[in-house]
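Please read this briefing alongside the sequence and the model.

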Amino acid sequence: MQRKSTKLVASIATGLMLVASGLVVNQAAAASKTTITYFNFTSVPDHVADVKKMVAAFEKKNPGIKVNVLGAAYADYFTKLKTRVVANQAPDVFDLNYENFITYAQAGTLLDLNAVSKKDKSFKKSDYYGKAYDVFSLAGKQFGLPASFSTTVLAYNADLFKSAGVALPNSSWDWSDEEAASAQLKAKLPAGTFADFQPVQFWEFYKVLGAAGGKFLSADKKKALFNKQPGVNALNWLIGKTAKGYMPTKAQLGTGDESVLFKAGKLAMVHTGIWQFDAFKNVPFSWDIVVDPGGVTPGNHFFANALVVSSKTKKAAAAFKWAKFMTSDPTAVKIRVDAAWELPATSAKAPLAVYLAKRPPANRAAVFEALKNPIVPPVIRQQTELQDTVNKWLEKAQNGTISVSEALNSAATEVNALLANE
Amino acid sequence: MPKSFSRIGIYLGGLVMAFPFLWMASSSLKNDVEAFATPPTLWPHKPTTINYHHAFALADFPRLFLNSLIVSVAATLLQVFTSGLAGYAFARIQFRGKNILFLMYLATMMVPLQVIVVPLFLEMRALNLIDSYWALILPSIATAFGVFLIRQAMLTIPKELEEAAVLDGANHWKIFRHVAVPLCGPSFATLGILSFLATWNSFLWPLIAIYSPEKMTLPLGLANLHGEHNADWPLIMAGTTLAVIPVTIVYFILQKQITQSFLTTGIK
């Protein structure tokens, strides 16, 4: 009995080891094709099937190229990417957002696409939305092809506005209009329902700073400027909403976030990204969007994601073909628009017309209105450190432990130290 | 204290321990608005299995389960085997420098994975094992904790039993196989369940070592349910509920051995 059980255990262990060694993809069939690896975060988890459709369409047009798609959730993506880059195993093509693009470009990780695009007669820079294309260039070199871009808008619960007898937001609103509406809503909405939500964090702060007429960094990126008066005004605008009772505190927000509160019909206005349209589409109330109200000047977020090619790839031509296909080919663009997978960074009008026609929200024109006054994120090589530093001091100001001026001055001191090491 | 009081206390303690799992399962049957509703609801107003359908659509759960099973079972069997051998050697064989060696080996328990992850990655890359099951199995086939647990269990074996086996002509291997292992069964079971759990739940190392979706383990698959801008928590709860089912089954099968091992004080 003991011998049988020992043999059984040994057999299982041997079998598992054989399985572990034996589960290898058959490489013989791939020998005649060029296989490139595409590593991405933008499709995870909701658009993995859409990427597969794009790959199928690409491989049909390019039978000599096979695209091996790998994906990771955004929260883990850069950990894996950095590991692969450092280990000299960078994927041929991968996603980068604008905020991390500078770091990788300055490290020499990315291929200058100008050299490859010149050899591709079908490539046209004019196929891309100009602003999105330009942000992925550095020192005269083009390092990325923009795949998508997005912005933030003011989404509002029309039913709550009507029940409170407050006029609906419109595109001419500025901060004073938003505040006036918030005050009226606060007086009329039931307890537990809030007027407004705008997060107090790095991303929102630099945008609001721009709308307040300020600059985050000097033009040469040697000095922080966000602690000047426009910065004080911007931060006061953000943290004042909670102080005046328009916006829930962290405790009142509970375990969810503002999107959950909005979907529950307990938030009249929320400053949120256009990526939330899909999440909001089945809410049981009428809602719409307007462009984010400006301060002394209009100013709205501009986010973009690009496909970049590794500088170490040995398949530059194939990698570029895939990057170009996924970012500008009409087939790929149509798949993206049909799947409500962010806005394609293309200059073509037809797919954008399809996007504009989708409902809800009805006022999708506000998205393109927002893109008329883009504010790109301030980006330095030590991007993570920059964001962490600013967020730390914004939180202290929001908690009331120090004044707004003190918080911004302290943040500026630390950011200047980072800039000195750039 | 009357037995009924202690029994009530045990049931209450059990409920407190089980409550997070109940909440996880309950949230998996809700939509995201009800999942964060105030006041919270334990039982959903309108239970739905849509999150489970969605989880299966977004992640290849059968493949994730298979990968986790292969890695966890292989690593567990190898770990139990190596820990048994080393634990026996440290407990029953006298050799020079044994105690120093054991202390040094034990000291490696102080080193967190984050410290060794880079050299470990370089090592696996040099062996061309990155993005393979072996990259996940090999680093965990020997652990200081396993050796420590088995050593402590084997120290409790009466010397008379060992001497009797020697008189019968048994060598160390036969003493290990026929005397030590049967007597330390509960400890081996405990080590088995703990190493299975640790490997099953391992995230950081598989995140770095595995690229291909075909080789991903369950924790990596669950992490990929998070979006760039949103986290669909009921969906993630559905995926997590599916992920804990196998370890719960393993625990229920081996719970007697685990309890027995914790109760055993080394005197038989």
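Domain bounds here come from an automatic or database domain assignment. On that basis, chain B is divided into domain 1 (1-48) and domain 2 (60-263). This is a predicted model, in which local features need pLDDT of at least 70 and side-chain atom pairs count only at pLDDT 80 or more, while totals for chains, interfaces and linings use all residues. Residues are numbered from 1 along each chain as its sequence is written, and chains are lettered from A and ligands numbered from 1 in the order in which they are written.

**Domains of chain B**

- The C-alpha centres of domain 1 of chain B and domain 2 of chain B are 31 Å apart.
- Eight residues from domain 1 of chain B and seven residues from domain 2 of chain B make up the contact (C-beta atoms, placed from the backbone, within 7 Å).
- On the domain 1 side, the elements giving two or more residues are α1 (3-27) and α2 (32-35) of chain B; helices are DSSP runs of H or I with at least four residues, numbered from the N terminus.
- α1(B) gives the most to that side, with three residues.

**Helix α19 of chain A**

- The 17 residues of α19 (404-420) of chain A should span 24 Å at 1.5 Å a residue, and the end C-alpha atoms are 24 Å apart, which agrees; the expected span is 1.5 Å times one less than the number of residues.
- The buried residues of α19(A) include Val404(A), Leu408(A) and Leu419(A) (buried: 20 or more other C-beta atoms within 10 Å of the residue's own; exposed: 12 or fewer; C-beta atoms placed from the backbone).
- The face of α19(A) turned away from its buried side carries the exposed residues Ala417(A) and Ala420(A).
- Among the elements covering the buried residues of α19(A) are α10 (229-243) and α18 (383-399) of chain A.

How values were computed:
Two residues are in contact if their C-beta atoms, placed from the backbone, lie within 7 Å.
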